[in-house]
Amino acid sequence: MRKSSSGVDASNSYQARIGRAVERARLERGWTQAELAEKAGTSQSAIHRIEKGQQNVSLDMIRRLSSVLERQILSVADEASQSYIIHGGKVLHGKIAVNTSKNAAVGLLCASLLNAGKTTLRGLAKIEEVHRIIEVLESIGMKITWVNGGKDLEIISPDELRLDKMDVEAARKTRSILMFMGPLLHKYEEFELPYAGGCSLGSRTITPHLKVLSEFGVEVDARKRSGFYKISVDRERNAWRNEKEGWPTKKIVLIERGDTVTENALMAAAKYPGETHIIGASSNYMVQDMCFFLQKLGVKIEGIGTTNLIVTGLTKIDKNVEYYPSEDPIEAMSLIAAGLVTKSEIEVLRAPIEFLEVELEVLKNMGARIERSDEYLSRNGRTRLVDLSIKKARLRAPVDKIHPMPFPGLNIDNLPFFSVIAATAKGRTLIHDWVFENRAIYTTELSNLNVKVELLDAHRVYVEGETNFRPAEMMAPPALRPAVVILLAMLAAPGVSILRNVYMIKRGYQDFSERLKTLGADIEAL
């Protein structure tokens with residue numbers, strides 16, 4: 001747990017939460033403590049104590065800090081209780097650019113553990129999931145600084161990590177902590193990681209991770225009574241090196257084409273000097289970003305964009321490197337849905353088209369009118385982008401069910417948006433969410449906004465349109481995409497809606513409500 005310099009455990013205290021929120025907002029702006037103190041009319045030492053969680057903070061000071069930082073510090077410190085008031089039924093208009101990928105960002109932060117040199121991630125998404133991983137990395141000794149006016153993140157590894165000082169509270173809030181296993185197995189023969197958190201989407205096994213990492217000598221005791229994964233690495237037993245034959249080729253067959261499983265395999269292979277063949281790999285957007293980043297570190301990877309990867313790793317990685325994560329296809333789909341559901345005409349800029357082709361084809365078959373620009377490259381020089389113009393159109397239910405598939409199929413994270421889009425389409429649409437145990441059940445929450453939803457089982461729902469949306473006061477579902485779906489439906493509902501406990505949305509979207517407001521949405525944060 002994070003402790004103050006006085007040795008008092010402050011990680012659970014209200015002052016510590018306010019302190020972390022102030023520090024994060026200050027660093028995002030690229031300000032020193034002295035600069036913030038001058039703007040807030042206080043002393044640098046006071047700011048230092050506030051950020052360390054060592055000072056009671058008055059409501060007046062919170063208001064001043066919120067004003068100069070242009071962030072609601074009290075709300076940030078108490079994220080789970082934040083709510084939105086939505087005045088729905090507004091027609092949206094204008095242009096909005098897609099931010100860089102949330103899932104790429106968390107993977108790249110984990111991959112920075114591989115590099116003994118300086119890693120700079122450009123234009124990183126400033127979302128709660130990223131902040132949680134940063135808090136964990138900082139707590140174990142990584143030096144992390146927002147630079148270039150708070151736009152980019154600079155990461156420097158220490159000579160020795162302090163795993164015993166890990167911020168367990170932050171680690172438990174994110175499932176991404178599982179991706180520490182791949183890099184850390186190269187540094188330690190024994191270590192522990194807290195149980196993973198994240199969205200409430202039913203029981204999600206870590207068995208595929210354990211099977212992959214066992215090829216690198218990893219054994220994991222995952223019995224729940226301890227609250228930690230206990231990891232041990234036996235390199236000799238797993239024949240990391242044979243003196244006569246050198247580094248043997250490893251063959252890893254993924255029985256589940258998972259994104260984070262593939263990323264863990266890539267990070268484990270990155271510092272294994274022989275060849276690692278990963279068969280059945282995910283070729284999804286965040287995996288490709290991971291591959292591009294590892295290539296910049298000097299790791300050789302063949303087969304990027306396919307399900308078969310060949311990785312030739314290095315014994316040591318010590319390189320100053322910078323990388324631009326690609327744009328987020330899930331955020332792009334969220335914005336497309338916002339335009340369609342509110343029957344608006346908007347432009348969605350910088351959409352990663354390779355990861356949206358199937359979604360756009362499904363929408364075309366439903367009668368959507370979406371024009372695209374010529375293609376151009378993302379700042380990483382690899383990902384293909386287009387600008388999309390959403391036009392007004394009357395939608396109809398598709399003939400076939402809508403269901404996800406591994407890339408290049410319809411993305412599993414984009415499936416929930418089709419439930420609220422289907423609510424605006426004439427006819428009955430079958431949504432089949434076969435991946436997660438109970439996410440389809442969250443679709444029934446749309447009935448509170450007057451959507452006709454029939455739950456067939458834990459994986460299948462019928463949604464019937466066209467819907468005359470009505471406002472409601474609701475708790476956000478405890479899962480990221482379903483929570484955004486409810487927000488989008490509230491935008492379409494004439495009148496005043498209240499969405500409570502919106503932390504899940506902040507987990508995966510940077511300033512989403514503020515950015516929607518630039519399109520004409522009327523959203524107020526409580």
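What follows is a walk through the strands, helices and salt bridges of this structure.

Keep in mind that this is a predicted model, in which local features need pLDDT of at least 70 and side-chain atom pairs count only at pLDDT 80 or more, while totals for chains, interfaces and linings use all residues. Residues are numbered from 1 along each chain as its sequence is written, and side-chain values use heavy atoms, with hydrogens and water left out.

Let's begin with strands. In general, strands of a sheet pair through backbone hydrogen bonds, either parallel or antiparallel. Here, two strands pair if DSSP finds at least two bridges between them. The helices (H or I, at least four residues) and strands (E, at least two) are DSSP runs, numbered from the N terminus.

Strand E17 (residues 384-391) is a handy place to start. E17 pairs with strand E14 (residues 345-352) in the antiparallel sense, over five bridges. Within that pairing, Ala351 sits opposite Val386 in E17, and Glu347 has Ser389 in E17 as its bridge partner. E14 also pairs with strand E2 (residues 93-97), this time in the parallel sense and again over five bridges.

Back on E17, strand E15 runs antiparallel to E17 and is joined to it by four bridges. Arg372 is the residue to look for here, standing opposite Leu388 in E17. Strand E16 (residues 376-377) is antiparallel to E17 too, with two bridges between them, and Tyr376 stands opposite Leu385. E16 and E17 make a hairpin with six residues between the strands, and in that hairpin Gly381 takes a positive phi near 75°.

How much of each is accessible? Arg372 is partly exposed at 44% relative accessible area, and Glu357 is partly exposed at 33%. The cut-offs are under 20% relative accessible area for buried, over 50% for exposed and partly exposed in between, using a 1.4 Å probe and protein chains only.

Side chains of opposite charge can pair when their charged atoms come close. The whole structure holds 21 salt bridges. One of them is between Glu169 and Arg20, at 3.9 Å from N to O. Glu169 is in helix H8 (residues 168-171) and Arg20 is in helix H1 (residues 14-29), so this pair ties together parts that are 149 residues apart in sequence. Arg20 is buried, at 10% relative accessible area.

Then there is Arg500 with Glu473, whose closest N and O atoms are 2.9 Å apart. Arg500 is partly exposed at 29% relative accessibility, whereas Glu473 is exposed at 51%. Salt bridges with shared partners also build one network, made of Arg20, Glu128, Arg132, Glu135 and Glu169.

There is an open sheet to visit too. Three strands form it in the order E6-E8-E7, with antiparallel pairing. Strand E6 (190-194) and strand E7 (218-221) are at the edges with a single partner strand each, so one side of each has no neighbour in the sheet. E7 is joined to strand E8 (residues 228-233) by four bridges, and Val220 stands opposite Ile231 in E8.

Now for two helices. Which residues of helix H3 (residues 44-51) are buried? They are Ala46, Ile47, Ile50 and Glu51. Seen down the axis of H3, these residues fall within an arc of 130°, so they line one face of the helix; the arc is that of the directions from the helix axis to the C-beta atoms. An α-helix has 3.6 residues a turn, so residues three or four places apart point the same way. After H3 comes Gly53, with a positive phi near 75°.

Helix H17 is mostly covered, with 13 of its 13 residues buried.

Conventions
Salt bridge = Lys/Arg side-chain N within 4 Å of Asp/Glu carboxyl O.
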